[in-house]
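Dear colleague,

Please find below the structure that I am handing over to you.

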Amino acid sequence: MNKMQKALHELAEMDELAARSSPIHALHPAAKLIATIAYILVTLSFDKYDLGGLVPMLLWPVLLFQLSGIEVRSCFYKLRIVLPLVMAVGLFNPFFDKTVVLRLGALAVTGGVVSMLTLMLKGLYCLMASFLLMATTPIDLLCAALRQLHVPKLLVTLLLLTYRYVGVMTEELAIMTDAYHLRAPGQKGIHISAWGSFLGQLLLRSMDRAQELYASMLLRGYHQHFHYADVKPFRARDALYMLGCILVFLLLRFVPVAQLLGSAIVR
């Protein structure tokens with residue numbers, strides 16, 4: 001199995017995760033979408049030095065992992081390429097901000113270190129929240145929820161087509177990679193001299209495949225709009241989940257929960 005085939009397998013695994021049954025999966029997609037957006041906005045609103053206030057925000061994704069039956073390690077495995085890039089944000093802060101803001105015995109902690117850790121946690125939390133949304137909501141239901149929230153039809157259609165047919169181009173790339181390795185056995189990767197022709201062939205094959213897909217869409221009645229998946233009515237428990245999540249986020253944002261717990265433990 002080459003890298004392209006592994007990528008296709010991981011895309012299929014995401015669809016399998018979204019098709020599972022759990023209390024989180026059963027919620028209305030709009031409620032999960034709004035709760036996720038609220039979580040990301042509240043997380044990003046923390047001050048760059050407010051590391052203690054940001055730590056309790058981890059409770060929400062951890063709780064959702066437990067309720068949805070999704071393993072945390074699967075999140076980090078599927079985000080293994082993006083995660084290092086996000087964690088690298090603020091990596092140079094300790095070199096620019098050398099003001100001491102905390103002392104732990106003989107160890108002096110600078111503002112650059114605190115802001116670096118805060119930015120890393122913000123990126124990690126946002127990735128976890130986004131992964132949970134995609135892993136508990138099928139893309140058709142998510143697009144239907146976006147249309148219910150009056151997101152422009154063109155943007156929703158682009159999102160749906162991109163998600164659905166990125167696998168088609170990946171499949172073409174896997175076929176071309178296998179064919180190349182059959183003609184160049186024992187060679188690792190694709191030689192630089194073949195990059196131009198390889199990308200050109202990929203472009204031509206992708207255009208041909210896209211034309212075939214568009215023709216089949218027209219035969220099935222496509223006229224510049226999709227009939228999105230039927231979404232269940234917005235119920236009381238969906239509203240309770242959405243409002244409850246927003247209230248908890250605001251509580252964690254404006255109440256120093258970590259300090260209160262720390263002082264209670266000391267007593």
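In the counts that follow, Ala, Val, Leu, Ile, Met, Phe, Trp, Tyr, Cys and Pro are taken as nonpolar, Asp, Glu, Lys and Arg as charged, and the others, Gly among them, as polar. Please note also that this is a predicted model.

I begin with the second largest pocket, to which that division applies. Its volume is about 230 Å³, and helix 10 and helix 11 (195-219) are the elements that give two or more residues to its lining. Helix 11 contributes the most, with six residues. The lining is made up of Leu161, Tyr165, Val168, Met169, Glu172, Ser206, Met207, Arg209, Ala210, Leu213 and Met217. By class, eight of these residues are nonpolar, one is polar and two are charged.

The largest pocket has a volume of about 710 Å³. It is lined by 21 residues, of which Glu10, Leu11, Met14, Lys78 and Leu79 are the closest to its centre. At least two lining residues come from each of helix 1 (3-18), helix 5 (72-78), helix 8 (111-136) and helix 10 (153-183). Helix 1 accounts for the largest share, eight residues. In this lining, twelve residues are nonpolar, three are polar and six are charged.

The volume of the largest cavity is about 50 Å³. Helix 2, helix 4 (59-68) and helix 8 each give two or more residues to the lining of this cavity, and helix 8 gives the most, with four. The residues concerned are Ile24, Lys32, Thr36, Trp60, Leu64, Ala129, Leu132, Leu133, Thr136 and Tyr241. Seven of them are nonpolar, two are polar and one is charged.

Threonine 36 belongs to helix 2 (residues 29-44). Its relative accessible area is 6%; threonine 36 is therefore classed as buried, since the cut-off for that class is under 20%. A polar atom of its side chain lies 2.7 Å from the backbone oxygen of lysine 32, and both Lys32 and Thr36 are listed in the lining of the largest cavity. Apart from neighbours within four places in sequence, threonine 36 is in contact with Trp60, Ala129, Ser130 and Leu133.

With kind regards

Notes: Residues numbered from 1 in each chain as written. Predicted model: local features only at pLDDT ≥ 70, side-chain atom pairs only at ≥ 80, totals over all residues. Heavy atoms only, no water. 1 Å grid on protein atoms, 1.4 Å probe; cavity = no way out; pocket = protein on both sides within 12 Å on 5 of 7 lines; lining within 4 Å. Points joined across faces, edges and corners; volume = space filled by probe spheres on them. Buried < 20%, exposed > 50% of the residue type's maximum accessible area, 1.4 Å probe, protein only. Polar contact = N/O pair within 3.5 Å; in protein donor to acceptor, adjacent residues only side chain to side chain. Contact = heavy atoms within 4.5 Å.
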